[in-house]
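This report describes the arrangement of strands and helices in one protein model. Please look over the sequence and the structure before reading on.

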Amino acid sequence: MLVIKNAHLVNPATAFEGDVNIYIEGDVIARIEPASNGLNGISDDAELIDASGLCAIPGLIDVHTHFRDPGFTYKEDIESGAKAAAAGGYTTVIMMCNTKPAIDNTDTLKECLAKGETCDIRVLSCAAVTKGLKGEEMTDIPALLQAGAVGLTDDGIPIMNENIVREVFRKAAEYNVPVSLHEEDPALITNNGVNRGAASDFYQIGGSPREAEITMIERDLAIALETGAIVNIQHISTKEGVELVRKAKAVPGNNVHAEATPHHIALTEEAVIKKGTLAKVNPPIRTEEDRQAILAGLKDGTIDIIATDHAPHAPEEKAKDITQAPSGMLGLETAFALANRVLVKENGMPFIEMVDKFTVAPAKMYHLPYGDVGVGKIADIVLVDPDEKWVVEGFASKSSNSPFIGEEMTGRIRYTVCEGKIAYSLVK
């Protein structure tokens, strides 16, 4: 038995907040009682965590993670990625498919899922929409879903063939699984990862215009409403994109979701000027006006999910010129604290609403039985001090490509419990 005593439970699934003791037997929450009752009915060998001064929240769920395994394990592998996730409070992560080979066949998918089963947290995976992520020929979607894929995506690469998009959406609607969409039209982009504006002017390059995202979101939302598919507009970066999602969500019966990354809510293109390639991401970090629109979308529910787009790269890769270095930054170990700092501390979002976007909303989109700290539920619980300040220094990830190194964060993950077992604890 694992007992968490004197925790302040914040559970958005039931809108409950209160001081409790949580009793875990095996991988399930057996009892939740008021902390004022004291501890009752625990065995002598019970493991006890004193959570005085800490919030207990559901285990975080990341719907957008790159673990680089197979093919690029010098950047990250499933084991190191899972450790980074646990350190960030995640009990469930969903991997993207742009590995080598791509997760476009059942053998590679099963290999990845088998590696995930050896980790201390839950590692799930999407399957690729097109073979080799080339956008030309659809994968065997029924077989991939049967083999354990939880969703579909060619993330990292937009699907340009409209006929394939429509057919995939129809398949997704038939099987009731989400399709996650990377929305950037490469035909409009001169240099990816850098906003066309102040950042591209600074580097004297063409950059990536906002229209590259807007046109793709507009096309895909129209097809989504036509087919009824569950779609997720990934890492939204423009104010126009937010408004397009807002209008689509106003249509009765829609199955539209959208995610924002912590870096898109915390930074502007000035970070790319100051931090260089460490802040180079796809889609790029844009203007303060775009950042404010994303914040507004999170507040009003237009954007329902916070996702990391955790994208490890080796130091020698990020040391290249701005036009040659790969796009992407680490996210798992800083996401919760960064969102807490920006959304809750700086912009007044209720803590329980922010937690919802890390837990209940992603679980709902993927039809997962997680994100709820309740009796009889799987014991995925994170203990966090929402007010503790700390400085970003080292990472459990194999990589260290983060523009937030040396920055102060607010909100510290102290324990991550997955299926009733401690996956991470911060020794102070």
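Strand β1 (residues 2-11) and strand β5 (residues 55-58) run parallel and are joined by two bridges. Two strands are said to pair if DSSP finds at least two bridges between them. Helices (H or I, at least four residues) and strands (E, at least two) are DSSP runs, numbered from the N terminus. In this pairing, H8 stands opposite C55 in β5.

β5 also pairs with strand β14 (residues 381-391), in the antiparallel sense and over four bridges. There P58 stands opposite I381 in β14.

The model is a predicted one, in which local features need pLDDT of at least 70 and side-chain atom pairs count only at pLDDT 80 or more, while totals for chains, interfaces and linings use all residues. Residues are numbered from 1 along each chain as its sequence is written, and side-chain values use heavy atoms, with hydrogens and water left out.

## The sheet β6-β7-β8

An open sheet is formed by three strands in the order β6-β7-β8, with parallel pairing. Its edge strands, β6 (60-65) and β8 (122-125), each pair on one side only. Neighbouring strands of the sheet are turned by 20° against each other on average, direction ignored. Angles run from 0 to 180 degrees between N-to-C directions, and axes are lines fitted to C-alpha atoms, for helices over the stretch in contact.

Strand β7 (residues 90-95) pairs with β8 in the parallel sense over four bridges, and I94 stands opposite L124 in β8. Helix α2 (residues 106-116) packs on this sheet and touches β7 and β8. The direction of α2 makes about 170° with that of β8. Contact here means heavy atoms within 4.5 Å.

Helix α6 (residues 211-227) packs with α7 at an angle of about 10°, their axes being 9 Å apart. α6 is therefore roughly parallel to α7; angles under 35 degrees count as roughly parallel, over 145 as roughly antiparallel, 65 to 115 as roughly perpendicular and the rest as oblique. On the α6 side the contact is made by E213, I214, I217, E218, L221 and L225, and on the α7 side by E240, G241, L244, V245 and A248. These residues divide into seven nonpolar, one polar and three charged. Ala, Val, Leu, Ile, Met, Phe, Trp, Tyr, Cys and Pro count as nonpolar, Asp, Glu, Lys and Arg as charged, and the others, Gly among them, as polar.

Helix α7 (residues 239-249) also packs with helix α10 (residues 288-300), at an angle of about 25° and with axes 8 Å apart. That makes α7 roughly parallel to α10. K239, E240, V242 and R246 of α7 meet E289, D290, A293, I294, A296, G297 and D300 of α10. By class, this contact has four nonpolar, one polar and six charged residues.

## Buried and exposed residues

Which residues of α13 are buried? They are F351, I352, M354, V355, K357 and F358. Because six of the eight residues of helix α13 (residues 351-358) are buried, the helix is largely enclosed by the rest of the structure. Buried means under 20% relative accessible area, exposed over 50%, partly exposed in between (1.4 Å probe, protein chains only).

D45 is found in the loop between β3 (28-34) and β4 (47-50). D45 is exposed, with a relative accessible area of 64%.
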